[in-house]
Amino acid sequence: MIRHLCRLAWNRKRGYFLLGLEMLISFLIIVVIVTMALNYLTVFYQPLGFGYRDVWWVELRPKNLAGGFPQRSAANVVTVREVMRIIEGFEEVEVVALCPPPFSSSGGSQDGEYDGVRDNFRYCRVTDRLDKVLKLNLVAGRWFGEEDDALAWEPVVVTRKLARTFFGDGDPLGKTIAASELALRVVGVVDHYRYEGPLAHEELFLYRRLRWDRGASEQSLPTSFLIRLQPGTPRRFEKRMRKALLPVARSWNLEVETLESRRGRSLGERIKFLRLGGRIAGFMLAMVGLGLVGVLWQNVTQRTREIGVRRASGATRGQVCAQFVGEVMVVATFAAVLGGMLIVQFAFFDLFPSVAPEVYTAGLLCAAGILYLLVSVAALYPGWLATRVQPAAALHRE
């Protein structure tokens, strides 16, 4: 039966070619969209590694600065430290720290090496109490403290993923990562830190301690404050804070935002392409469905004699309908197989390392199921029309 359906589809390859091409393009678009959605779904429920509720982000920017960070001048350092002191004085504030805000791609990037293992990692400079602001889960060692002021080397706190990448199953505490001209010694390990948000995969990450008395190899001054407030603090607290900071930072712009709103904006930006792709996929599927109905309807009209002969030879209405549905299923199968061969190349050559092979497989199966469902639904009405052809209709064609 399958061989017979393949032969029938091949004999009408000219009529089915454009339809098959539309199926192929639609299948590829569906695979991309479904795979992206499944990939987002797999990482969405993974732990972020930090708490963002009741945390505000406050950014200071000199009014005469077009972009980037302000210079680490003595006057700027005094201003930033005074702003931190004033913010800490509010009773609504539990703790304050300097850190690039989560739900963004801020921070630096560089290569590091340990015992022949070399990889790229992200980092940011932070102050001593960031672990309390973001409620980081420290699984080994300690966080930064005032005792680090006397150290001749630079202490860092790394994520568990970075520790496993560079040190394997060994104890990372006290070991040193060579990074450019720096020697970064591990003093603590946190569980996770997915700073780009719930739809981003976790990267290798470490925290470097911000020293007020020296700028290390960086000349810029971080000016992003993260403030943990008492639960239930109203938004009108922002007005009081701005009023208190105005005398100290008259030549600075002040931007305030909650991390919850940054999280929502990050989610919206990441699924923007997914929404656009979904609209395109829906349009393509509608085109395929309408084209399929038109082609099969024309087939029923042109093949009345063939249908009448089949009915006269004893074929039931269900068998006639199954023949038309089966032909387009064969075309859909060719499109799905060819599209699957193209998609497999992405997984084989690891073009998108953040997407697991299991996600590719699930995306292919889901896309094939959607395509088959569309084809079967679109072919039902033309197939039903074919069942209404009577055996005597074949005589009218003679």
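Ile 25 sits in helix α2, which spans residues 13-44. The model is a predicted one. Two topics follow: a nonpolar surface patch that includes Ile 25, and the two cavities of 30 Å³ or more found in a search of the whole structure.

**Surface patch**
- Phe 17, Leu 18, Leu 21 and Ile 25 make up a nonpolar patch on the surface.
- Together, these four residues have about 390 Å² of accessible area.
- Ile 25 counts as partly exposed because its relative accessibility is 39%, between the limits of 20% for buried and 50% for exposed.

**Largest cavity**
- The largest cavity holds about 50 Å³ of space.
- Its lining includes three prolines: Pro 100, Pro 101 and Pro 102.
- Ser 104, Ser 106 and Cys 124 also line the largest cavity.
- Tyr 193, Tyr 195 and Phe 205 complete the lining of the largest cavity.
- By class, the lining of the largest cavity has seven nonpolar residues, two polar and no charged.

**Second largest cavity**
- The volume of the second largest cavity is about 30 Å³.
- Tyr 193, Arg 194, Tyr 195 and Glu 196 are among the residues that line the second largest cavity.
- Ala 200, His 201, Glu 202 and Glu 203 line the second largest cavity too.
- Four charged residues, three nonpolar and one polar make up this lining.

Key:
Residues are numbered from 1 along each chain as its sequence is written. This is a predicted model: local features need pLDDT of at least 70, side-chain atom pairs count only at pLDDT 80 or more; totals for chains, interfaces and linings use all residues. Side-chain values use heavy atoms; hydrogens and water are left out. Patches are made of residues with over 30% relative accessible area and no salt bridge: like charges are joined within 9 Å, nonpolar side chains (Val, Leu, Ile, Met, Phe, Trp, Tyr) within 5 Å. Accessible areas come from the Shrake-Rupley method with a 1.4 Å probe; for residues, only the protein chains shown count as cover. A salt bridge is a side-chain nitrogen of Lys or Arg within 4 Å of a carboxyl oxygen of Asp or Glu. Helices (H or I, at least four residues) and strands (E, at least two) are DSSP runs, numbered from the N terminus. Buried means under 20% relative accessible area, exposed over 50%, partly exposed in between (1.4 Å probe, protein chains only). On a 1 Å grid over the protein atoms alone, a cavity is a set of points where a 1.4 Å probe fits but cannot get out, and a pocket is an open set with protein on both sides within 12 Å along at least five of seven lines; lining residues have an atom within 4 Å of a point. Grid points are joined across faces, edges and corners, and a volume is the space filled by probe spheres set on the points. Ala, Val, Leu, Ile, Met, Phe, Trp, Tyr, Cys and Pro count as nonpolar, Asp, Glu, Lys and Arg as charged, and the others, Gly among them, as polar.
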